[in-house]
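Here is a short report on a model, to be read alongside its sequence and coordinates.

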Amino acid sequence: MQSTFEFEQAPPISVPYRFFLGGPPFAVAAGLLLAWMGPAALVSRWNPQLLALVHLLTIGFMLQIMAGALLQVLPVAAGASVPRSLWLAVVSQAGLVCGAVLLVTGFALGSALNFKLAIPVLGASVAVYVLFCGFALARTKAQGGTVLALRIAVPSLVPTVVFGGLLASVFGWGRQLPLMELLGAHVAWAFLGWGLILVMGVSYLVVPMFQLTPAYRPRLATALPLLSLLFLVGWTVLDLLDRAPALRMLLALMEAGVVTAFAVATLVLQRQRRRKQDDVTLRFWRTGMIALLAVVALALADLFTTDPVIQETLEILLGVLLIVGVFMSLINGMLYKIVPFLNWLHLQRVVSPVPNMKRMLDEKAMSGQFRMHLASLVCVALAVFLPWLAIPAGLLLAGSALWLEWNLAGAVLLFRRLARGPGVSLATVRPVSR
Amino acid sequence: MLDPIVVDARGLPPPEPMERTLSALDDLVEGQEVLLLLYREPFPLYGILQRNGYAHRVESTQDGTFQIYIRRAT
């Protein structure tokens with residue numbers, strides 16, 4: 001039988017790659033903004049420039065790359081191909097990029113007009129994306145933890161954007177809305193609804209597949225996203241209505257239990273992997289899970305603290321660990337597995353034999369970038385307590401993101417060279433050396 | 001009934017599971033099945049099987065293993 005794979009379900013390689021290459025420049029900008037803000041950067045979470053920085057990372061880097069990866073993952077994980085994927089990629093990425101720039105400049109410049117423009121642009125691009133991916137997820141007959149998690153994560157973008165849009169309308173039109181409650185709901189749905197449940201679903205697939213571990217237990221895999229959704233809905237409703245504080249606290253504690261169970265299960269599986277040597281993706285993933293446990297510890301400390309000064313510090317540190325420690329680590333590690341695999345998969349159609357996947361990205365360059373990412377994480381976290389560290393922390397964050405972009409661009413250029421160049425000797429293919 | 005050709009692809013990195021399965025299908029004899037063991041459902045494989053005249057059925061176990069039985073479609 002033919003040994004080449006079929007591509008009817010997989011999107012064109014330009015679909016995920018445009019998102020992957022579009023994300024890191026936003027993280028470079030975030031790092032430079034942090035360095036430019038200097039010691040005042042991480043003092044108050046209400047600082048508009050810090051909010052600009054956060055959205056450079058959450059929309060520009062995280063959402064953009066996660067959205068692109070999902071278009072690639074859906075056919076593999078769920079047998080669900082997204083209709084008109086190239087059109088969707090172009091439209092939704094343009095919307096996300098323009099919306100992120102408008103929102104960030106709205107915060108940074110205090111421009112009401114930018115907020116007014118950012119709301120419909122981000123709202124429309126997310127709506128189109130959710131509609132198309134939701135259609136694919138609704139049609140598939142696949143069962144199991146991954147599909148369930150994706151079916152919860154993707155629609156969770158809607159409350160994330162609705163609550164965020166309401167918050168932005170306060171800045172755009174000066175509307176009088178309950179800021180704290182809306183902010184709580186926006187952050188909870190962004191990180192716990194969309195972000196973490198997506199990570200769960202993707203982990204169920206890629207941790208055993210790429211890190212060669214046993215599988216997550218099926219009951220655990222379905223229970224975690226379902227319980228997360230249940231606690232999140234309950235907490236949001238009670239918080240917006242300002243009712244039942246004791247029950248809200250209980251729901252928050254139970255959600256902390258769910259997140260802890262996921263992180264511990266992942267770390268345990270990683271210890272049981274068949275091949276004991278570490279690779280860079282495993283190190284990124286392990287960093288992300290340890291940071292996730294630290295986030296839970298900080299969130300619990302925050303729940304039981306009444307001192308507003310300590311709460312402010314805890315919440316800024318929590319944000320740093322969640323964004324840089326958890327999501328940037330996991331995304332970064334994931335990219336280093338997906339990109340070589342996609343290169344290999346798509347090259348099958350045009351060259352034979354296809355070079356080994358390990359030749360697509362230089363291991364030393366990936367390891368170096370991992371160390372720089374780790375240094376930036378430690379430095380940004382310490383800058384919460386030692387404000388003068390904000391400048392080196394910002395430069396490290398920008399440097400790490402630039403290095404990531406450089407590594408990814410090298411792999412993409414290698415793909416183009418191999419796909420176009422019939423005269424290339426495959427025996428000599430090496431990662432682009434720098 | 002002939003014993004199935006077992007392809008235990010748990011713990012193998014991509015693309016080895018797909019390659020080993022396709023290779024095993026080349027060795028199938030009449031009335032025999034390939035039993036693929038994997039920690040995920042191999043959706044990309046299903047399309048290939050269908051187009052090449054194979055049928056499959058899936059069973060899952062409590063440790064997260066999917067057992068995919070593949071045979072010539074009748």
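Helices here are DSSP runs of H or I with at least four residues, strands are runs of E with at least two, and both are numbered from the N terminus. The model is predicted: local features need pLDDT of at least 70, side-chain atom pairs count only at pLDDT 80 or more, and totals for chains, interfaces and linings use all residues. Residues are numbered from 1 along each chain as its sequence is written, while chains are lettered from A and ligands numbered from 1 in the order in which they are written.

Helix α7 of chain A covers residues 179-211. A straight helix of 33 residues would span 48 Å at 1.5 Å a residue, but α7(A) spans only 42 Å between its end C-alpha atoms. The expected span is 1.5 Å times one less than the number of residues. α7(A) has a kink of about 40 degrees, centred on Ser203(A). The bend at a residue is the angle between axes fitted to the seven residues ending there and the seven starting there.

Of the 33 residues of α7(A), 27 are buried, so the helix is largely enclosed by the rest of the structure. A residue is buried if 20 or more other C-beta atoms lie within 10 Å of its own, exposed if 12 or fewer, and partly exposed in between; C-beta atoms are placed from the backbone.

## Chain A overall

Chain A has 13 helices and 0 strands. Buried residues make up 52% of its 434 residues. Its C-alpha trace spans about 65 × 45 × 45 Å along the principal axes.

## Nonpolar core

The largest nonpolar core holds 175 residues. Such a core is a set of buried Ala, Val, Leu, Ile, Met, Phe, Trp, Tyr and Cys residues joined through C-beta atoms within 7 Å. Ala30(A), Leu74(A), Cys133(A), Leu321(A) and Val339(A) touch the most other members. Helix α11 of chain A (residues 308-347) gives the largest share, 22 residues.

Leu74(A) touches Ala80(A), Ser81(A), Val82(A), Cys133(A) and Ala136(A), leaving aside residues up to four places away in sequence. Contact means C-beta atoms, placed from the backbone, within 7 Å.

## Interface of chains A and B

In chain B, 23 residues are in contact with 23 residues of chain A. On the chain B side, α1 (16-26) and α2 (43-51) are the elements that give two or more residues. The largest share, 6 residues, comes from α2(B).

Definitions and conventions: Contact = placed C-beta atoms within 7 Å.
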